[in-house]
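Dear colleague,

I am passing on the structure we spoke about, and below it I have written out what was found in it. Please keep it open beside the text as you read.

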Amino acid sequence: MTAESRTPLHLGKLGFGGAGIGNLYRAIPDGEALAAVLAAWDAGIRYFDTAPHYGLGLSEQRLGAVLRDKPRDEFVISTKVGRLLEPDAGGGQDPEGFDVPATSRRVWDFSEKGIRRSIEDSLERLGVDHVDIAYLHDPDVHDLQSGISQGLPALEKLRSEGVVTAIGVGINSAEAALECVEAADLDLVMLAGRYTLLEQPGVPLLERCVERRTGVVSVGAFNSGLLARPEVPDDAHYNYERAPQALVERARHLAAVCRDFGVELPTAALQFPLRHPAVVNVTAGARAPEQVATNAARMKETVPDGLWDALEAAGRD
């Protein structure tokens, strides 16, 4: 990892996000999910992120099915804590966006006991002997103050014991993330969608992370799909809902600026977060090998410096 972060872990520029292989929004066959993970490995990606929340453990199981056969010292795994999975015989499908049977239910638990159990359960699903990074998952969604007073000290204790190498928060709110950074000795913040080509409300957080030597893993670089295609469609999504027309037009303006420099909008979107010194990695989700290959190619593409200047000027318009 770069000198800006205190952890010795090396994540590389591009990471693999595991929500898609947990059947986010729609089910995919096991073979396609495993092929996506293998494609990431073949593309040189060595950082893989997952969570119990993703498909009620399915993402962890599928990720582990591939990675447990790889040399353990050659890759980094992060998972998340804060939601325990408890058996549920109620039937039906998962109500939280993943196309999986609701054989378990999520139970919020930021206690040290709950976090230790969460790590143990994740190791069993992954089939590995340790995870490298543990993020407190969505404290801004559940109970931020409980996360700060209970969850973060528990993670600091696990790190001191060598159970994990690095700790952090996985979060959507830049303001809540800043509170966590001030309250604990965090190695990383996984920030979803708040520092992108489209919008940068996370700048104060990132500036503080530079001062604290806390690395930022950027996720949601495409703003839930709004920046994911060279041509922005009318029905593009933003924050997992249909994008307001004003944002669609703004994304189209950014796409036009990119075209003037021979660069596609998703390429600029994927590379943009790394221009800030706090950002040590951009992790992108994928559910198919083709998506992985496209993301890897976009990350390697050369983007002219003049484009960044033009995009910055467009942002002031």
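In this predicted model, strand β2, helix α2 (residues 58–67) and strand β3 together form a β-α-β unit that is right-handed. The two strands of that unit, β2 (residues 47–49) and β3, run parallel and are joined by three bridges, and within this pairing Asp49 stands opposite Ser78 of β3.

Strand β3 also pairs with β6 (residues 133–137), again in parallel, through four bridges, and here the bridge partner of Lys80 is Tyr135 in β6.

As for how β3 itself is placed, the strand spans residues 76–81 and is mostly covered, with six of its six residues buried. Val76, Ser78 and Lys80 point one way from the strand, while Ile77, Thr79 and Val81 point the other way, and the residues of both sets are buried.

On the α4 side the contact is made by Leu144, Gln145, Ile148 and Leu152, and on the α5 side by Ala176, Glu179, Cys180 and Ala183.

With best wishes

Definitions and conventions
Residues are numbered from 1 along each chain as its sequence is written. This is a predicted model: local features need pLDDT of at least 70, side-chain atom pairs count only at pLDDT 80 or more; totals for chains, interfaces and linings use all residues. Side-chain values use heavy atoms; hydrogens and water are left out. Buried means under 20% relative accessible area, exposed over 50%, partly exposed in between (1.4 Å probe, protein chains only). Two strands pair if DSSP finds at least two bridges between them. A crossover is right-handed if, with the strands pointing away from the viewer, the path from the first strand over the helix to the second runs clockwise. Contact means heavy atoms within 4.5 Å.
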